[in-house]
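Trainee: Here is a protein model to look at. Can we go through its open space and its strands?

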Amino acid sequence: MHPNDSTPEQTADAAAAAAGAAPETPPTAEARLAELEAKHAEVADAYLRAKAEAENTRRRAEEEISKARKFAIEAFAESLLPVTDSLTAAIAIQNATPEQLLEGVHATLRQLTQALERNKVVAIAPQAGTKFDPHHHQAISVVPAEQDANTVVAVLQKGYLIADRVLRPALVTVAAPK
């Protein structure tokens with residue numbers, strides 16, 4: 001065998017011997033198995049902990065969603081209580097004049113409107129001449145009018161949005177094409 005015909009292991013052993021160090025012996029199969037089993041146990045433990053944490057997080061999220069659904073209406077109901085109080089007070093007045101009743105109805109309507117707006121419920125009441133929007137308006141009839149075609153002529157009933165979602169479209173009449 002020629003001196004340059006050595007294997008890589010022999011070359012590494014020779015380099016280690018030349019450096020004055022003992023050549024490294026490969027770990028025994030039992031030692032390697034024990035090392036791998038320890039690593040496996042560590043990874044398995046980490047996996048089980050992560051799985052348990054994910055399950056706990058999922059359970060907590062489900063509980064939060066359940067509570068949010070259950071109590072979502074609470075703020076809305078609270079904002080309607082003054083309206084209920086005003087109506088109850090109006091009924092309790094025995095000899096109210098029509099003017100007093102009308103004033104009370106207007107005040108109660110303002111309270112109701114404020115309560116709805118605080119809860120992101122806003123009215124859809126397009127002005128005459130506004131372009132008809134089928135996403136926010138419902139055409140009840142098409143009438144001849146002295147304005148552009150497919151524009152709102154009159155609002156028969158207000159519509160409402162809740163957080164930019166149509167709760168009820170506005171009922172409108174629309175100008176007919178000329």
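Mentor: Start with a term. A residue counts as lining a pocket if it has an atom within 4 Å of a point of that pocket. Keep in mind that this model is predicted.

Trainee: Which residues line the largest pocket?

Mentor: Leu109, Leu112, Thr113, Leu116, Glu117, Val121, Val122, Ala123, Lys158 and Tyr160 line the largest pocket. Helix H4 (98-118) and strand S1 (121-124) each give two or more residues to this lining. H4 gives the most, with five residues.

Trainee: How much space lies in the largest pocket?

Mentor: About 170 Å³.

Trainee: How do the lining residues divide into nonpolar, polar and charged?

Mentor: Seven are nonpolar, one is polar and two are charged. Leu, Val, Ala and Tyr count as nonpolar, Glu and Lys as charged.

Trainee: Now the strands. What makes S2 and S6 a pair?

Mentor: Two strands pair if there are at least two bridges between them. S2 and strand S6 (residues 170-175) have six bridges, so they pair, and the sense is parallel. Val142 stands opposite Val174 in S6.

Trainee: In what order do the three strands of the open sheet lie?

Mentor: The order is S2-S6-S3, and the pairing is mixed.

Trainee: Why is one side of S2 and of S3 left without a neighbour in the sheet?

Mentor: Strand S2 (137-143) and strand S3 (152-157) stand at the edges. Each has a single partner strand, so one side of each has no neighbour in the sheet.

Trainee: What does the twist average from one strand to the next?

Mentor: The twist averages 30 degrees.

Conventions
Residues are numbered from 1 along each chain as its sequence is written. This is a predicted model: local features need pLDDT of at least 70, side-chain atom pairs count only at pLDDT 80 or more; totals for chains, interfaces and linings use all residues. Side-chain values use heavy atoms; hydrogens and water are left out. On a 1 Å grid over the protein atoms alone, a cavity is a set of points where a 1.4 Å probe fits but cannot get out, and a pocket is an open set with protein on both sides within 12 Å along at least five of seven lines; lining residues have an atom within 4 Å of a point. Grid points are joined across faces, edges and corners, and a volume is the space filled by probe spheres set on the points. Helices (H or I, at least four residues) and strands (E, at least two) are DSSP runs, numbered from the N terminus. Axes are lines fitted to C-alpha atoms, for helices over the stretch in contact, and angles run from 0 to 180 degrees between N-to-C directions.
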